[in-house]
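Thanks for passing this one along. Here are my comments, in numbered points, to be read beside the model.

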Amino acid sequence: MTPSQFFKNLADDTRLKIMLLAYVEKEICVCELTNALELSQPKISRHLAQLKNFGLLNGKRMGKWVFYSLANDLPDWQKNTIAQCYQQNKAYIDNEQQKLSLLGNRPERQQQCC
C-alpha cells in the first residue's frame with residue numbers, strides 16, 4: 001500500500017474512528033462498532049471490508065462474531081501514525097469510547113450488543 005492509499009483510507013471519518021477504536025480496544029466486533037459509531041451494520045461492514053482489503057485490519061472469527069484488530073504486518077510508520085493520532089487526539093473518539101464503556105467489559109459487552 002502506498003502512503004497515499006493509507007492516508008486516503010484514514011481520510012474518511014468513519015474509517016479513522018474504526019482504526020483508532022481498534023488500536024485502543026486491541027480488537028473490536030461489528031456490533032460494538034455499530035453501537036459506538038451509531039451507524040448501521042451494513043455501513044460499518046462496508047468500511048471494515050475496505051480497511052481489510054487494504055491490509056489495515058485483520059479479522060478473527062470467534063463463534064458467530066468477527067473481531068477486528070490492526071493488521072499484524074503494518075509497517076512501523078503506519079503503526080506509529082495511528083498511535084500518534086490517538087495520543088494527540090484522544091478527544092476525537094471520547095464519545096465512542098464512552099458508548100463502549102456503557103456496554104461494560106467482555107463478555108458482558110457481547111451479551112448486550114451481539
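**Notes on the predicted model**

1. Let me start with the cysteines. The disulfide count comes to 0, a disulfide being a pair of cysteine sulfur atoms within 2.5 Å. Cys-29 is buried at 1% relative accessibility, whereas Cys-85 is partly exposed, with a relative accessible area of 21%. For these words, buried is under 20% relative accessible area, exposed is over 50%, and partly exposed is in between, with a 1.4 Å probe and protein chains only.

2. A word on the ground rules. This is a predicted model, in which local features need pLDDT of at least 70 and side-chain atom pairs count only at pLDDT 80 or more, while totals for chains, interfaces and linings use all residues. Residues are numbered from 1 along each chain as its sequence is written, and side-chain values use heavy atoms, with hydrogens and water left out. Helices (H or I, at least four residues) and strands (E, at least two) are DSSP runs, numbered from the N terminus.

3. Two strands count as paired if DSSP finds at least two bridges between them. Strand 2 and strand 3 (residues 65-70) run antiparallel and are joined by 6 bridges; one of the pairs links Arg-61 with Val-66 of strand 3.

4. Which residues touch the most other members of the largest nonpolar core? They are Met-19, Leu-21, Leu-33, Leu-48 and Leu-57, in a core of 28 residues. Two or more residues come from each of helix 1, helix 2, helix 3, helix 4, strand 3 and helix 5, and helix 2 gives the most, with 6 residues. A nonpolar core here is a set of buried Ala, Val, Leu, Ile, Met, Phe, Trp, Tyr and Cys residues joined through side-chain atoms within 4.5 Å.

5. Leu-48 deserves a look of its own. Setting aside neighbours within four places in sequence, Leu-48 is in contact (heavy atoms within 4.5 Å) with Ile-18, Val-30, Leu-33, Leu-57 and Tyr-68.

6. Helix 3 is mostly covered, with 6 of its 8 residues buried. These are Val-30, Cys-31, Glu-32, Leu-33, Ala-36 and Leu-37; please note that Glu-32 is on the buried list. Just after helix 3, Glu-38 takes a positive phi of about 55 degrees. Glu-38 sits in the loop between helix 3 (30-37) and helix 4 (41-53) and is exposed at 59% relative accessibility.

7. Lys-26 is placed in the loop between helix 2 (13-25) and strand 1 (28-29) and counts as exposed at 58% relative accessibility. In general, most residues other than glycine have a negative phi.

8. Gln-78, Ile-82, Ala-83 and Tyr-86 are buried. They lie on the same side of helix 5 because they cover an arc of only 130 degrees around the axis, the arc being that of the directions from the helix axis to the C-beta atoms. Asp-76, Gln-84 and Gln-88 are exposed on the other side. The buried residues pack against helix 1, helix 2, strand 3 and helix 6.

9. Is Ile-93 buried or exposed? Ile-93 is buried, at 0% relative accessible area, although its place is in the loop between helix 5 (76-88) and helix 6 (94-102). Beyond four places in sequence, Ile-93 touches Lys-17, Leu-20, Leu-21, Val-24 and Tyr-86.

10. Finally, Asn-9 in helix 1 (residues 3-10). Asn-9 is buried, with a relative accessible area of 1%. Not counting residues up to four places away in sequence, Asn-9 touches Met-1, Arg-15, Gln-50, Leu-51, Phe-54 and Leu-56.
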